[in-house]
Amino acid sequence: MDAVQQELVQTTFARLAVMPEVTGALFYERLFANNPNLRPLFRNNLRIQGVKLMTMLAMVVYNLPAPDQLSPAIRDLAVRHVEYGVKLGDYDALREALLWTLEQALGEDLTPAVREAWMVCYDELAGEMKAAAGV
């Protein structure tokens, strides 16, 4: 990600971060509506799971300028996801749910540039997770 993309992701995430439960609920609502087979992978209360998602996203977003600091946490997260039963194709479903959530939360502020920045961010994160998980 370049510096402009990092700034776009950080700025728009700040709007989502003030409503972690709502944003998390939107994400999981979409994920399970389109992928009901993924629901059994999430054993926690979805409100709690949504807050966990937003906490993880905050860690990623606020450390975009220093990705090396995130690598150990990303690797650990990837290994845990394999243990939970996450498969390679599930990353595409997560990407779609994230994009839909951004569309709902940001509305017309999800410009093509903002959308592209988020997709680059997600693709880099997912790529690192897939590599660490061996999938």
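User: Why is Met59 called partly exposed?

Analyst: Met59 has 30% relative accessibility. Buried means under 20% relative accessible area, exposed means over 50%, and partly exposed is in between (1.4 Å probe, protein chains only). Therefore Met59 counts as partly exposed. This is a predicted model: local features need pLDDT of at least 70, side-chain atom pairs count only at pLDDT 80 or more, and totals for chains, interfaces and linings use all residues. Residues are numbered from 1 along each chain as its sequence is written, and side-chain values use heavy atoms, with hydrogens and water left out.

User: Where does Met59 lie, and what is it in contact with?

Analyst: Met59 lies in helix H3. Helices are DSSP runs of H or I, at least four residues, numbered from the N terminus. Leaving aside neighbours within four places in sequence, Met59 is in contact with Leu70 and Ala73. Contact means heavy atoms within 4.5 Å.

User: What makes H3 roughly antiparallel to H4?

Analyst: The axes of H3 (residues 46–62) and H4 (residues 67–84) cross at roughly 150° and come within 11 Å. Axes are lines fitted to C-alpha atoms over the stretch in contact, and angles run from 0 to 180 degrees between N-to-C directions. Angles over 145 degrees count as roughly antiparallel. So H3 is roughly antiparallel to H4.

User: Which residues meet there, and how do they divide by type?

Analyst: From H3 come Met56, Met59 and Val60; from H4 come Leu70, Ala73, Ile74 and Leu77. The contact residues divide into seven nonpolar, no polar and no charged. Ala, Val, Leu, Ile, Met, Phe, Trp, Tyr, Cys and Pro count as nonpolar, Asp, Glu, Lys and Arg as charged, and the others, Gly among them, as polar.

User: Which residues touch the most other members of the largest nonpolar core?

Analyst: Leu16, Phe27, Leu31, Val60 and Trp118 do, in a core of 41 residues. The largest share, ten residues, comes from H6. A nonpolar core is a set of buried Ala, Val, Leu, Ile, Met, Phe, Trp, Tyr and Cys residues joined through side-chain atoms within 4.5 Å. Beyond neighbours within four places in sequence, the contacts of Leu16 include Met54, Leu102 and Trp118.

User: What about Arg39: where is its place, and why is it called partly exposed?

Analyst: Arg39 is in the loop between H2 and H3. Its relative accessibility is 33%, so Arg39 counts as partly exposed. Leaving aside neighbours within four places in sequence, Arg39 is in contact with Phe32 and Leu46.

Conventions. Helix = DSSP H or I, 4+ residues; strand = E, 2+ residues; numbered from the N terminus. Parallel < 35°, antiparallel > 145°, perpendicular 65-115°, else oblique.
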